[in-house]
Amino acid sequence: MGYILKTMKEKLKEELEKIKSEGLYRSLPDIDEGAGKYILAGGKKLLNLASNNYLGISEKEELVSESAAALRLFGCSSGASRVVTGNFSLYNSLEREMAEFKETESCLVLNTGFMANLAVIASIATRHTAVFSDKLNHASIIDGIKLSGANHIRYRHNDTAHLAELLEQYKDTKEKIIVTDSVFSMDGDRANLAEIVQLAERYGALTVVDEAHATGVLGHGRGLAHELGLEKRIDIHMGTFSKALGSFGAYIAGNSDITDYIRNKGRAFIFTTSLPPAVIGANIGALKWLKHNPDSGYNLLQKAENLRSALNKAGFDTADSSTQIIPVIIGDNFAVQQAGKLLEDAGIKVGVIRPPTVPEGTARLRLSVRLDLNDDEILHVISSVRGLKNA
Ligand SMILES: Cc1ncc(COP(=O)(O)O)c(C=O)c1O
């Protein structure tokens with residue numbers, strides 16, 4: 001026993017050394033406040049292009065006051081899981097409002113986007129199911145598929161011809177699911193939902209769309225499916241309150257059979273204490289804010305387009321980004337860290353993204369554009385990124 005423990009410990013140590021030698025070691029940055037437009041990192045004031053608070057609403061009065069009211073009324077904890085006593089009335093209000101906003105029969109709120117994907121996929125897929133998943137789908141989708149024991153069939157990123165080929169190959173498998181991010185988190189490009197839906201209908205596959213980065217932005221905040229008029233043809237809509245909506249938590253929207261099923265079978269829904277009241281209050285406030293500001297997503301995308309085209313003109317590779325997420329592909333794991341450091345020296349915090357979050361050889365800076373950036377700040381970002389060419 002002692003021998004096994006020692007060798008396992010040694011193995012972990014060696015693995016950590018290897019991670020360090022490959023420039024892939026992760027440590028946690030020392031940040032005073034993460035979601036604001038300016039943050040203090042290690043005592044230095046930085047313009048924050050690293051958070052997912054794209055609309056900059058996490059501190060808005062609508063969210064803060066609803067959150068504070070819920071906190072005062074219900075206290076700090078929900079006390080139990082939803083199926084026991086953790087289902088206080090605010091939950092039902094949020095779910096009703098979200099279902100109405102998404103124009104679906106029903107909605108179920110879950111604790112995080114990660115858990116929502118686990119709950120959905122691991123409950124509806126079994127070892128008899130073939131799950132077709134975009135190669136760049138979020139880690140939580142991949143883990144959900146693994147947990148389900150389904151046949152995991154990965155298609156090349158946004159390659160619907162490849163997806164069609166694979167669906168044809170598995171046409172005799174009765175249970176089929178196609179799952180995709182709608183906006184890809186590290187590339188900022190959009191899934192080809194129109195073709196995916198057509199293929200799903202042709203081959204009788206259930207569709208699951210993760211709108212984590214599109215919620216609050218595309219389709220007047222409802223997501224890419226709405227933007228494209230495809231909302232009624234998607235079976236399961238998943239999204240988060242934790243990104244553009246400036247709060248925390250996630251939802252699943254669809255018909256009531258789907259939400260009933262996940263309420264009954266989703267282990268990541270059932271076996272966990274439900275979100276605290278203050279978070280539910282903030283989510284209700286975020287939805288209110290969005291309803292009063294339906295064009296904010298388009299204004300954000302316009303800002304992102306201006307920044308992206310300036311970076312492209314300066315010769316930077318921003319992959320196929322067409323949203324508020326702009327990757328600047330650097331390639332090398334050490335060079336990307338140096339580039340991130342130089343931007344910090346210029347007063348800008350961006351995401352420094354390395355494998356395994358992105359494929360080998362495609363390390364990148366990830367710029368999250370925010371609605372509250374002004375013209376001077378955007379110009380400063382452009383000139384600072386341009387400066388990387390001379391570094
Ligand atoms: C596409 C996608 N889905 C799900 C998640 C998980 O959401 P959460 O942070 O709320 O757990 C993320 C977050 O990074 C994401 O990018």
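Predicted model: local features only at pLDDT ≥ 70, side-chain atom pairs only at ≥ 80, totals over all residues.
User: Which strands are joined to strand 8 by bridges, and how do they run?

Analyst: Strand 7 (residues 206-210) runs parallel to strand 8 and is joined to it by three bridges. Strand 9 (residues 250-254) runs antiparallel to strand 8, with four bridges between them. H237 illustrates both pairings: H237 is the bridge partner of V209, and A253 in strand 9 is the bridge partner of H237.

User: At what angle do helix 12 and helix 14 pack, and how far apart are their axes?

Analyst: Two packed helices are described by the angle between their axes and the distance between the axes. Helix 12 (residues 296-313) packs with helix 14 (residues 375-387) at about 25 degrees, their axes being 10 Å apart. Angles under 35 degrees count as roughly parallel, so helix 12 is roughly parallel to helix 14. The crossing of helix 12 past helix 14 is right-handed.

User: Which residues come nearest to the ligand, and which helix gives the most to the shell around it?

Analyst: T112, G113, H138, S185 and A212 come nearest, out of 14 residues around the ligand. Helix 4 (residues 113-124) gives the most to this shell, with three residues. By class, the shell comprises nine polar, three nonpolar and two charged residues.

How values were computed:
Residues numbered from 1 in each chain as written. Near = placed C-beta within 6 Å. Helix = DSSP H or I, 4+ residues; strand = E, 2+ residues; numbered from the N terminus. Nonpolar A, V, L, I, M, F, W, Y, C, P; charged D, E, K, R; others polar. Pairing = 2+ DSSP bridges. Axes fitted to C-alpha atoms, helices over the stretch in contact; angles between N-to-C directions. Parallel < 35°, antiparallel > 145°, perpendicular 65-115°, else oblique. Left-handed = near helix turned anticlockwise from the far one by under 90°.
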